[in-house]
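Have the viewer open as you read.

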Amino acid sequence: MPDSEDVCVLIPTLNEAETIGDVIDGFQEQGFSNILVVDGSSDDETQEIAKSRGARVIEQAGVGKGQAVREGIENVETEYVLMLDGDGTYKPDDAEVMLEPLDDGYNHVIGDRFANMENGSMTRLNQFGNRLINQAFSVIHGQDFQDILSGYRAFSRKSAERAYLTSDGFGVETELAVECVKHSVPTTVVPITYEERPDESETNLHPIWDGGDIIMTLYQLAKTNNPLFYFGSMGMLSGLIGVIVGIYVGVEWFIPPRVSHEVLAVVAGVAIIFGVQLLMFGVLSDMIVTLHREQMRRIDERR
């Protein structure tokens, strides 16, 4: 495991006054003194409590967890980062199991909450949404990271600086996972304990709106990581709509009393042609991405 002096514990927060003190104390007891809290302008005592417990606190310039993570990474000077939420659901005792793979050649470690999830720590709706998103990620991006939405991460600062993160909200975990696949970052998953959020603490996650944002982020990121899926799926949808409309036009024309649908026929033809073009564009884009990855791999080997 890396020395604690080489690790910065990064905690993005928003109104976590009920839990942030215990979280900081827990990591200090584990020997971590470099604790950075990036606060999103909390209207409770989150910042004051964090400062009183010895953490370095900065107030983020923007809004949202994604923005907090980006600003946090910019302010980290250590070689490694241990990132988690400040809501008390992640155990400081799991820090060792999170950091150990970094000594084994991995540059990014994801804590699997489903390995040991305490009763009441996640609603059934959230569990269903998480598993659906994980399955979609596996299909779209070709890697099974088991729990891509986990907020407990350990990674090298250099690998994080290489990642292109744009999400301002909870989609930042999805972006991190996609960037690991895109840049072939050695990534592993380790089991952790996921505890129930204290009753006094309220979640900042909206399962419907934030879940939809995460799914859209997952799909949009396929444009540069798996363009064949991104353009191919839209092309197949357009082509399918064209075929269905074309069948309807054909049935109406050949079965008496014959009815002519010239406009619908044109729409069907355009939809099919557009779908084929998107599919071809997806194939060409996938070839370009594959060649780019091969070139980057050769450049990395020469370094």
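Predicted model: local features only at pLDDT ≥ 70, side-chain atom pairs only at ≥ 80, totals over all residues.

Residues are numbered from 1 along each chain as its sequence is written, and side-chain values use heavy atoms, with hydrogens and water left out.

The C-alpha atoms fill a box of roughly 80 × 50 × 35 Å along the principal axes. The secondary structure comes to 11 helices and 7 strands (DSSP runs numbered from the N terminus: H or I of at least four residues, E of at least two). Of the 303 residues, 46% count as buried, meaning under 20% relative accessible area with a 1.4 Å probe and protein chains only; exposed is over 50%, and partly exposed lies in between.

Now for the inside. A nonpolar core is a set of buried Ala, Val, Leu, Ile, Met, Phe, Trp, Tyr and Cys residues joined through side-chain atoms within 4.5 Å. The largest one has 30 residues, and Ile 11, Phe 27, Leu 82 and Tyr 152 have the most contacts inside it. Elements that each supply at least two residues of this core include strand 1 (7–13), helix 2 (46–52) and strand 7 (187–194). Helix 1 gives the largest share, 4 residues. Apart from this core lies another, of 19 residues, with Ile 110 and Ala 222 among them.
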